[in-house]
Amino acid sequence: MTDLPRTTKLHPVIMGGPQSASCTLDYDGRFVRRKRLTTDEGWPFVVDLAQTTSLESGNVLELDDGRTVMVNAAVEPLLMVKGDLAKLAWHIGNRHTPCQVNHDHLLIQRDPVIAHMLAHLDADVTEVDAPFTPMGGAYGHGRTLPHAHGHGAHDHEHSHDH
């Protein structure tokens with residue numbers, strides 16, 4: 001892996017800047033620290049970041065050879081959720097499920113158990129294929145990990161009586 005171009009630099013979205021290549025990854029694939037990836041154009045490179053990072057669609061990785069790679073969110077199987085969004089988002093969040101919040105619907109990864117729960121909450125649930133860019137955690141983290149309850153100075157436990 002060491003002979004491949006390598007990146008240790010991640011930039012936010014650079015509007016209008018020329019990119020050498022792109023790399024389309026699903027939500028899970030965008031959670032990286034050290035990993036070999038292949039661009040959409042077919043050339044391999046190594047991500048070698050200082051810490052595990054949640055790459056966002058539009059981020060730019062700068063390779064040590066000067067090339068840049070734009071990160072894109074891949075289309076993946078999701079559930080579109082409509083209904084009382086505040087109530088539904090609360091129940092989804094209570095299960096630490098990543099959720100993309102839009103003005104008239106929520107998007108979550110397909111999960112039959114969560115879909116069943118949402119149906120019992122009178123949600124309109126539809127299977128869709130779309131890019132998935134959920135909101136990060138409320139404590140400044142790029143994503144909320146299942147059962148990762150560290151919240152800084154006020155760590156606490158959640159009741160998961162379902």
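Predicted model: local features only at pLDDT ≥ 70, side-chain atom pairs only at ≥ 80, totals over all residues.

The entries below cover the sheets, then the salt bridges, then single residues.

**Entry 1. The six-strand sheet.** I looked up the strand order and found β2-β6-β5-β1-β4-β3, an open sheet of six strands with mixed pairing. β2 (21–25) and β3 (31–38) are at the edges; each has a single partner strand, so one side of each is left without a neighbour in the sheet. On average, neighbouring strands here are turned by 30 degrees against each other, direction ignored.

Strand β5 (residues 60–63) and strand β6 (residues 68–73) run antiparallel and are joined by three bridges. Opposite glutamate 62 I find threonine 68 in β6. Glutamate 62 comes back in the salt-bridge entry.

**Entry 2. The four-strand sheet.** The other sheet I looked up is also open; its four strands have the order β8-β9-β7-β10, and the pairing is antiparallel. Its edge strands, β8 and β10, each pair on one side only. I recorded that α1 packs on this sheet and touches β7 and β9, its direction making about 20 degrees with that of β9.

I then went through the pairings.

- β7 (residues 75–82) pairs with β10 (residues 124–131) in the antiparallel sense over eight bridges. For leucine 78 the bridge partner in β10 is valine 128.
- β7 pairs with strand β9 (residues 106–109), again in the antiparallel sense, over four bridges. Leucine 79 has isoleucine 108 of β9 opposite.
- β8 and β9 run antiparallel and are joined by two bridges. Valine 101 has leucine 106 of β9 opposite.

**Entry 3. Salt bridges.** How many salt bridges does the structure hold? I get seven. As background, side chains of opposite charge can pair when their charged atoms come close.

Lysine 9 pairs with glutamate 62, with 3.9 Å between the closest N and O atoms. This pair links distant parts of the chain, lysine 9 being in strand β1 (residues 6–11) and glutamate 62 in strand β5, 53 residues apart. I list lysine 9 as partly exposed at a relative accessible area of 43%, and glutamate 62 as partly exposed at 26%.

Arginine 67 forms a salt bridge with aspartate 65, and their closest N and O atoms are 2.8 Å apart. Arginine 67 is partly exposed, with 27% relative accessible area; aspartate 65 is partly exposed too, at 41% relative accessibility.

Glutamate 127 forms a salt bridge with arginine 110, the closest N and O atoms lying 3.6 Å apart. Here too distant parts of the chain are linked: glutamate 127 is in strand β10, arginine 110 is in the loop between β9 and α2 (112–120), and 17 residues separate them. Glutamate 127 counts as exposed at 56% relative accessibility, while arginine 110 is partly exposed at 33%.

The network joins Arg6, Arg33, Arg34 and Asp48 through salt bridges that share partners.

**Entry 4. Arginine 30.** I looked up arginine 30 and placed it in the loop between β2 and β3. Is arginine 30 buried or exposed? Arginine 30 is buried, yet it has no salt bridge. Glutamate 76 is the nearest side chain of opposite charge, at 4.5 Å. A salt bridge needs a side-chain nitrogen of Lys or Arg within 4 Å of a carboxyl oxygen of Asp or Glu, so I did not list arginine 30 and glutamate 76 as one.

**Entry 5. Positive phi.** Most residues other than glycine have a negative phi, and I looked up two residues with a positive one.

Histidine 96 has a phi of about 55 degrees and lies in the loop between α1 (85–94) and β8 (100–101). Histidine 96 is buried, at a relative accessible area of 12%.

Aspartate 122 has a phi of about 65 degrees and lies in the loop between α2 and β10. Aspartate 122 counts as exposed, at 69% relative accessibility.

Notes
Residues numbered from 1 in each chain as written. Heavy atoms only, no water. Pairing = 2+ DSSP bridges. Axes fitted to C-alpha atoms, helices over the stretch in contact; angles between N-to-C directions. Buried < 20%, exposed > 50% of the residue type's maximum accessible area, 1.4 Å probe, protein only. Lys, Arg positive; Asp, Glu negative; His and termini not counted. Contact = heavy atoms within 4.5 Å.
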